[in-house]
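Let's walk through this structure together, one part at a time. Have a look at it first, and then we will start with a pair of helices.

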Amino acid sequence: MNQKKIIAIIVRILLYAFVIGFFVYAGVNGYFSPIFEQSDTFWVLVGQHLNLVIISSFLAIVIALPLAVLFTRPRFRKYEWIASNVANLAQTVPSLAVLALAIGILGVGFKPAVFALFIYSVLPIFRNAVAGFNSINPDLIDAGKGMGMKAGQIFWRVEVPNAAYAIIGGLRTAVVLNIGTAALAYYIGGGGLGVWIMTGIELFDNAYLISGAIPVTLMAIGFDYLLRGVGYVISPKSTRQTADTATTT
Amino acid sequence: MISFKHVSKSYTGTEKAVNDVNFEVEQGEIVIFLGPSGCGKTTLLRMVNRLETITEGSILINGQDIGELNEIELRRKIGYVIQSNGLFPNMNIEENVTIVPDLLGWDKKKKHKRYKELMQLIGLDPGEYRKRFPNELSGGQQQRIGVVRALAADPPVMLMDEPFGALDPLIREKIQDEFLQIQREVKKTILFVSHDIDEAIKMADKIVLMRDGEIMQYGTPSDILIHPKNEYVSQFIGRDRAIKHLSLRTIAQLQEEIGLVEIDQSIVDSKQVNVHENLKDTLAMLLNQEADQVIVHDDNDEVQGAITIDRVQRYLHLEMRQKPAQSGGKEKVME
Amino acid sequence: MNEYLEYLRINASYIWGLTVQHIELVGIAIIIAIIIGVSIGIYLTTNEDLAETVLAAASVLLTIPSIALFGIMIPFFSLINQGIGFVPALVALVLYSQLPIIRNTYSAIKNVNPAVIDAANGVGMKRRQRLVRVEIPNALPVIMAGIRTAVVLNIGIGVIAAFIGAGGLGTLIVQGITRTDMYSIVTGSIVVSLLAIIADTVLLLIQKRLTPKGIEN
């Protein structure tokens, strides 16, 4: 075994040790106690959090994907840059601001939080789906036409499979962002695990902090893995690489 | 002089990419490593500047085992040209051409002077191209720059890995001619990888024909075409080896061996050709029915006689029946 | 509208102060992040096994919601009496920047045309010469793109830092929510967006400037 492999293994062991050490330390100090001592509240908060994320993400998918398809059709393609630039611009608005601004429109509570999360999720889903469709080699579409496929057949058999990985990639980004943003929903009365995190920050209470933050983190990592798995399963093998490489834009 | 002594290369596992290769290259020769992809020719070439390690055996340049030299210094003394030219995209043409002199620590003036000389060698205006970048040049120009970059520090040995392989046929021929012209001036010892039999016949002093990491035959192009050593060699060079061989012979050589024929005055439509024209093109002229005979001139424009299809055919028969001993280079193959 | 302009007039210096604070936080974080991230990225190109591990770890790190990361860090930083404020915010931003910077540095250098690397070796460049003269110049646009991503990301995440008392423009939004003051919220949002757009544009210009002429487009 060479030296480089040994370094890699040592780093890997250190990372695992760090994570395990953290959980042991937190456990020994009773930082997870609220989860067990107030498990009813905990599950209510988890449920609220999941509701916020799932409802808003679902709505975002339903709106963003058709829009992305529309703006990548030949007739509307010339307006695509406008939509993409608007999306890029809107992406610079901080997530907290989107939540805060939702108060102005819908007041406080669960609905404005869902609305804000929905707005914030539409953008990455739309952008990635557009990028996915645009990245399809025009020769493939040409080949499809050449063998007599109809527009619908080209769309379902050529475009969708080839864009699938990028589309799921956008979904992953959106959902992970969404879980994090939902942790701020407490601020506008939307509930969720953010309640414990904020309580922890305000009261300097490490137990609430950790009992809120760790479940949110695990939720984000879990959804990320889940969607990565979905992307892996539904996308053809040859299309997987492209979306994972470095971004240049 | 470069000697390959029992050179072998194996990656992990037992399969050998290069297997016990032995041959010698004379000073100032172009030796082409020829063979299909995966035959080990590129690996063999890259062992010479130690871009690939040598598993067994040794390579000697002028009696010096390259394994004992510092690899960085070794590479700076060996010109290296690759198919996709490998010009540095971030450097302008002058920086690209003078990279080796720069690494060797030449001063600015000397580098610039060398740059101008090299550009003149390939007929590109030094001033015009100086500040331009590789991506602003055509494929042919890029490849020329690649060649002069390798020549920049005047290395005695050049390694060329399919240097003209990516060019379209017309430009390739032109650059091949140009390169042969340059070689007549600079007389480098050149190891050259190719998979193109026509390129090898045209450019090589000697050909190393390889398969599966082993040398199938080492000899002059003419030798290989006339006396393929085994079934594989004759298959690789193709059924038209006789015709290919004609490209290596001129009318003058035919005249010396069997003489020309009298001009048949009854044929009105006959073309004129120089005595140094190669026989393949001459035959093509005759077959194209441009003429039933071709009238041969020497350099002073004096008519030497005529040549017909029959004559070419007779000469070819004679050539193909020659004994192996008469052709040079063969004895250099070590078995 | 007039009322809003009046608000801006009264609070101009306060807003400006928070903006400077925000820029300081993100600016210091990004400088530290570049030094660490680019070095790690370059080192990883020489060690494939480690690259896999580090990139996976950095991508998990980026997955952690910012507010949760602050939450996780506070108990530990409070051990050294830095529980809330500038230090944990800075550390969080540096950590978040690692994935885009390391990943882009690593893959940009890895993706330099193999023929060019082969030529660099063939002309007798040493490892360091190859890195400085060939690999980094050719990888620079992509590395800069990673830095841009990190900066824009950090400007956004810097807002959350207000929750843990690190100041910055997030303060305007947080205060706006608690006092139901829309002016404050809107101002905070607009300034943050503007900051992100300006930073992105400026960095894009720098990127173009640094890109060697021969590898444009």
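At what angle do helix α3 (residues 39-71) of chain A and helix α6 (residues 110-134) of chain A pack, and how far apart are their axes? The angle is about 35° and the axes lie 7 Å apart. Helices here are DSSP runs of H or I with at least four residues, strands are runs of E with at least two, and both are numbered from the N terminus. Axes are lines fitted to C-alpha atoms, for helices over the stretch in contact, with angles from 0 to 180 degrees between N-to-C directions.

A word on conventions: this is a predicted model, where local features need pLDDT of at least 70 and side-chain atom pairs count only at pLDDT 80 or more, while totals for chains, interfaces and linings use all residues. Residues are numbered from 1 along each chain as its sequence is written, and chains are lettered from A and ligands numbered from 1 in the order in which they are written.

Now turn to chain B, which has 15 helices and 13 strands. Its C-alpha trace spans about 70 × 50 × 30 Å along the principal axes.

Within chain B, 4 strands form an open antiparallel sheet in the order β2-β1-β4-β5, where pairing takes at least two DSSP bridges between two strands. β2 (16-25) and β5 (64-65) of chain B stand at the edges with a single partner strand each, so one side of each has no neighbour in the sheet. Strand β4 (residues 56-61) of chain B is joined to β5(B) by 2 bridges, and I61(B) stands opposite Q64(B) in β5(B).
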